[in-house]
Amino acid sequence: MKLEVIWASFYTDLKSFARSRATLFWTLLFPVMLILMFGAIFSGFGETEYELVVVDFDNSTLSETFVNILNDTPVIKTDVKTINNDEILQYIKDNNIKRLVVIPQGFEQSVGMAAMDSSTVANISFYFDQSEQQSNSIVRSVVSSVVINLNMNISGGKDIIKINDIETISGEFGFIDFFLPGMIGFTIMQTCIYGSLERNTKFKKDGILRKLLTTPVTRSEWIFSKMLFQLVLSFISAGLIIVIGVVVYKMTININIWMILIIIGTNFLFTGMGMLISRFVKDEESAGMAGGVVTFPMMFLAGTFFALEQMPVFLQIIARFLPLFYVNEGLRASMIYLKTDDAIFYTVIVLVFAAFFFISGLILTKWKED
Amino acid sequence: MITKKVECPKCKQIFTSSGNPGDTVRTPCPSCGLTGRVIFEKTFSSNISSENIAIEVSNLRKEYGSLVAVNNISFSVKKGEVFAFLGPNGAGKTTTVEMIESIRQPTAGSIKILGKDISTSFVDVKEKIGVLPQEFRSFERLTVRETLEFFSKLFKKRANIDEIINAMDLKDKENTLYINLSGGLKQRVGVAISLVNDPEIVFLDEPTTGLDPKARREVWEVIADLKNKGKTVFLTTHYMEEAEYLADSITIIYKGDIIARGSLEELISKYGKGHILHIKNCKTKEAVDVLRDNGFNVNKEHNGDIAVKIDYKERVLEVLSILRHEAVDYDSIDIRRSNLEEVFLQLTGARLSEEE
C-alpha cells in the first residue's frame with residue numbers, strides 16, 4: 001500500500017470537496033440546521049404551550065384556583081372567556097377552538113356537597129377537536145392531573161371532580177382525518193419538486209434540453225405538457241390516497257371545487273419551486289439534496305404529520321411562511337371539515353403562492369446555454 | 001498585416017488601424033482618445049458557389065468575460081459533404097457548433113443555414129436540420145422505437161421510423177429500453193434521432209467520444225451512409241482518424257481560431273511532411289544519431305521505435321542503406337504518408353492527442 005498514493009487521493013478528494021460550496025453547505029450546514037430544528041421540536045427548547053380556553057360560569061374561589069393551577073403548569077396557557085352557555089359550540093366552531101374547559105355554575109358548591117356525599121360528583125366539561133388528537137391528549141392529561149390533585153387535596157383522593165369529555169365539530173374526526181389531507185399535499189409537493197428538478201437538471205446534463213432547442217418544440221409547449229402530466233399524476237395519487245381513506249379508514253371525504261383548485265395550485269406552486277431550485281444548482285446530485293432541504297423541513301413544519309400547536313411558537317411562525325402549510329390546511333378545510341370560508345381563504349393563498357413561484361420559475365429558468 | 005479605416009463612434013473621426021487577420025486590436029481614437037476594438041476578419045478562400053452552401057459562418061465570435069472562446073471565425077460548408085470540424089478539447093468546436101445550432105448566443109458574427117440567417121429564421125431552419133448534441137443521453141425509460149417516435153412528433157416533416165431503424169441497424173433493439181443499450185448503440189440511436197425529420201443537414205457533435213474502437217467504427221459506417229444519402233454532415237471531433245476516414249472537408253480549430261482548412265489531401269500536401277518511415281524496436285542506440293548526422297529528421301518513440309520523416313519516397317532507400325551500413329538491428333520497418341497528426345503538429349507545435 002503506497003502512502004503517497006493514499007495521500008494524493010485523499011488530498012484530491014479534500015480539494016474537490018472544499019471547492020464545491022454546495023457540497024459544503026449540504027454536508028456541513030444542513031445537518032446543523034436540522035439538528036437545531038428538530039432539537040427545538042422534541043427537546044423543549046422554546047417551550048411549547050397549548051392554549052386552553054376556559055369558560056368559568058362559577059366565578060368562585062375554587063374555580064379561580066383551578067384555573068390558576070392550570071395556568072401555572074408549563075404546558076397550558078389559559079384564556080378565560082365569557083360566553084353564554086348555549087353559545088359554546090357555536091363559539092368553538094366560529095373561532096376554530098381546539099379545546100375548551102367549562103366550569104359550570106355552582107361548581108364550588110357541588111364540590112362541597114360531593115366531599116360529604118359520595119353519591120354526587122362535580123363535573124367540568126372538556127370540549128376538544130378530535131382531529132387534533134395528539135395535542136389534545138397532552139392537554140387532557142394535564143387537566144386530569146390537576147383534577148386528581150384537587151381531589152387529593154379536598155377529599156384525600158375520592159373522585160369528587162370529574163371531567164366530561166365532549167367532542168367538537170364531529171365525533172367522527174380522528175388523526176387520520178388530519179393526516180390524510182396532509183399526505184396529499186406532501187405527495188404532490190414531492191412529485192412536483194423532484195419532477196421539475198429532473199426535467200431541469202438531468203435533462204440538461206443529458207443534453208435533452210439542448211436537443212429540444214434545435215427542434216420546433218417551444219419551451220411553453222414543453223412546460224405545458226409536463227404540467228399536464230404532473231396534474232394527472234397528482235390527481236391519481238390524491239385519488240389513491242382518498243380511496244384508501246374511504247375504504248380502509250371509513251372516512252367521509254368531500255370532493256369539491258376548492259379541493260380541486262388547491263391541487264391544481266399546488267402543482268404549479270411546487271413545479272415553480274423546483275424550477276427555481278434547479279436554477280441555482282448545477283448538477284443532479286446537488287439538485288436532489290436541494291430538493292431534500294426544501295421538502296424535508298416542510299414535511300415536518302407545515303403540519304403534515306402533526307399539528308403546529310405541538311411546535312414551539314417560533315416554529316409556528318416559520319410554518320406560516322411555508323406554502324405547504326396552506327395547502328394542508330386548505331385541503332383539510334375543504335375535504336374534511338367543510339369549512340367553506342377557510343377553504344376559500346387557503347385556496348386564494350395557495351393560488352397566490354402558485355402564481356409567484358411558477359412565474360418566477362418560468363422567468364428565471366432557461367434552456368439556452370450562456 | 002491588414003490596414004482598416006475606422007470611424008470613431010464618439011467624435012466620428014476617421015482613422016486607420018492595422019492588425020493581422022483574426023486579430024482584435026484595441027485602438028485609441030487619435031482625436032478624442034476613446035479606445036475601441038477593431039476586428040480584423042480571418043478568411044479562408046472558399047470556392048463554393050452560393051447555391052451550394054449549406055452553412056455559412058462569418059466573423060463568429062464568442063466571449064465569456066475576458067475569455068475569447070471563438071475568435072471571429074468564418075467558414076462555409078458545402079451541401080452534401082461531410083465537414084469535419086477538428087480540434088483538441090477546449091478548442092471551441094462545441095461552442096461554435098452550438099452557436100450554429102442556436103443553442104448559444106454568439107457575441108458577434110452571422111450564421112446562415114441554407115441561405116437563412118438563423119438569428120431571424122431559425123424556426124424555419126429547425127425543420128431542416130438534425131442535431132446530435134455532445135454527450136447526449138435520451139430518455140432512459142423509453143424504448144428505441146418510442147424514442148424515435150417521440151422526437152419525430154416534434155417536427156412537421158417526418159421520416160419513416162421503420163426505415164431509420166433499418167438503416168441504423170437497430171431492428172433487433174427497437175423494443176429495448178434506452179437505458180439498457182450499450183454506449184455504441186446509444187450513439188446510434190442519437191444519430192437516428194437526428195434523422196427523424198429527414199433533415200438536409202445533420203450536426204453530430206463528438207458522436208464517438210467515449211466509445212470503444214468497434215463501436216466507433218459502427219458509428220463511422222452510419223455517418224458514411226448519411227453522406228451516401230446526400231445529407232450534409234457537420235461533424236465535430238477531436239479524433240483525427242475520424243476526420244481522415246469520413247471527411248470531405250476538414251477545418252482545424254485551435255484556441256478559438258481556425259488554423260487550417262481543406263480536404264485531407266490538401267492539408268497534408270500543404271502542412272504535412274511527405275512520409276514517415278517507422279523503424280520498429282530498434283536495438284542500436286546510435287541509430288538516431290547516425291540518421292540525424294545524415295540530415296534526417298528523426299523522432300524517438302516508445303519501445304525503441306524510431307520515426308524518420310522523409311520528403312519523398314525515394315529517400316527510403318537512402319535510410320535503409322545507412323541502417324545496413326551501420327549494422328542497425330531492428331524488428332521491422334513500415335512507411336506511411338504523413339497524417340493529420342503531423343499537420344496539427346506542424347501548425348501548432350503540439351500533438352493533437354497531447355492537447356486532449
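This is a predicted model: local features need pLDDT of at least 70, side-chain atom pairs count only at pLDDT 80 or more; totals for chains, interfaces and linings use all residues.
Q: Why is the pair D129(A) and K98(A) called a salt bridge?
A: A side-chain nitrogen of Lys must lie within 4 Å of a carboxyl oxygen of Asp. For K98(A) and D129(A) the N to O distance is 3.9 Å, so the pair qualifies.

Q: What makes this a link between distant parts of the chain, D129(A) and K98(A)?
A: D129(A) belongs to strand β4 (residues 122-129) of chain A, while K98(A) sits in the loop between α4 (88-94) and β3 (99-103). The two are 31 residues apart.

Q: Is D129(A) buried or exposed, and how do you know?
A: Buried means under 20% relative accessible area. D129(A) has 0%, and therefore counts as buried.

Q: Why does K98(A) get the label it has, with a relative accessible area of 16%?
A: The cut-off for buried is under 20%. The 16% of K98(A) falls under it, so K98(A) is buried.

Q: Why is K205(A) said to form a salt bridge with D206(A)?
A: The limit is 4 Å. The closest N and O atoms of K205(A) and D206(A) are 3.8 Å apart, which means that the pair is within it. D206(A) is also buried, because its relative accessibility is 5% and the cut-off is under 20%.

Q: Which residues are linked with K205(A) and D206(A) in a network of salt bridges?
A: K202(A), E284(A) and E140(B) are linked with K205(A) and D206(A) in that network. Over all chains, the structure holds 25 salt bridges.

Q: What makes K229(B) and D225(B) a salt bridge?
A: Their closest N and O atoms are 2.6 Å apart. The definition asks for a distance within 4 Å, so the pair meets it.

Q: Why are K229(B) and D225(B) not called buried or exposed?
A: Buried is under 20%, exposed is over 50%, and partly exposed is in between. K229(B), at 49% relative accessibility, is partly exposed. D225(B), at 27%, is partly exposed as well.

Q: How do you know how α5(B) is oriented relative to α6(B)?
A: Helix α5 (residues 183-193) and helix α6 (residues 213-228) of chain B pack at an angle of about 15°, with their axes 9 Å apart. Angles under 35 degrees count as roughly parallel, so α5(B) is roughly parallel to α6(B). The crossing of these helices is right-handed. Residues that meet there include Q187(B) and V191(B) from α5(B), and V219(B) and V222(B) from α6(B).

Q: Why is the packing of α9(A) and α14(A) given its orientation label?
A: Helix α9 (residues 219-249) and helix α14 (residues 340-364) of chain A pack at about 140°, and their axes are 12 Å apart. Roughly antiparallel needs over 145 degrees, and roughly perpendicular covers 65 to 115. R219(A), I223(A) and M227(A) in α9(A) meet F358(A), G361(A) and L362(A) in α14(A).

Q: Is P199(B) buried or exposed, and what makes it so?
A: P199(B) lies in the loop between α5 and β11 (201-205) of chain B. Its relative accessibility is 1%; the cut-off for buried is under 20%, so P199(B) counts as buried.

Q: Which residues does P199(B) touch, not counting those up to four places away in sequence?
A: P199(B) touches K128(B), I129(B), G130(B), S194(B) and K231(B).

Technical notes
Residues are numbered from 1 along each chain as its sequence is written. Chains are lettered from A and ligands numbered from 1 in the order in which they are written. Side-chain values use heavy atoms; hydrogens and water are left out. Helices (H or I, at least four residues) and strands (E, at least two) are DSSP runs, numbered from the N terminus. Buried means under 20% relative accessible area, exposed over 50%, partly exposed in between (1.4 Å probe, protein chains only). Axes are lines fitted to C-alpha atoms, for helices over the stretch in contact, and angles run from 0 to 180 degrees between N-to-C directions. A crossing is left-handed if the near helix is turned anticlockwise from the far one by less than a right angle, and right-handed if clockwise. Contact means heavy atoms within 4.5 Å.
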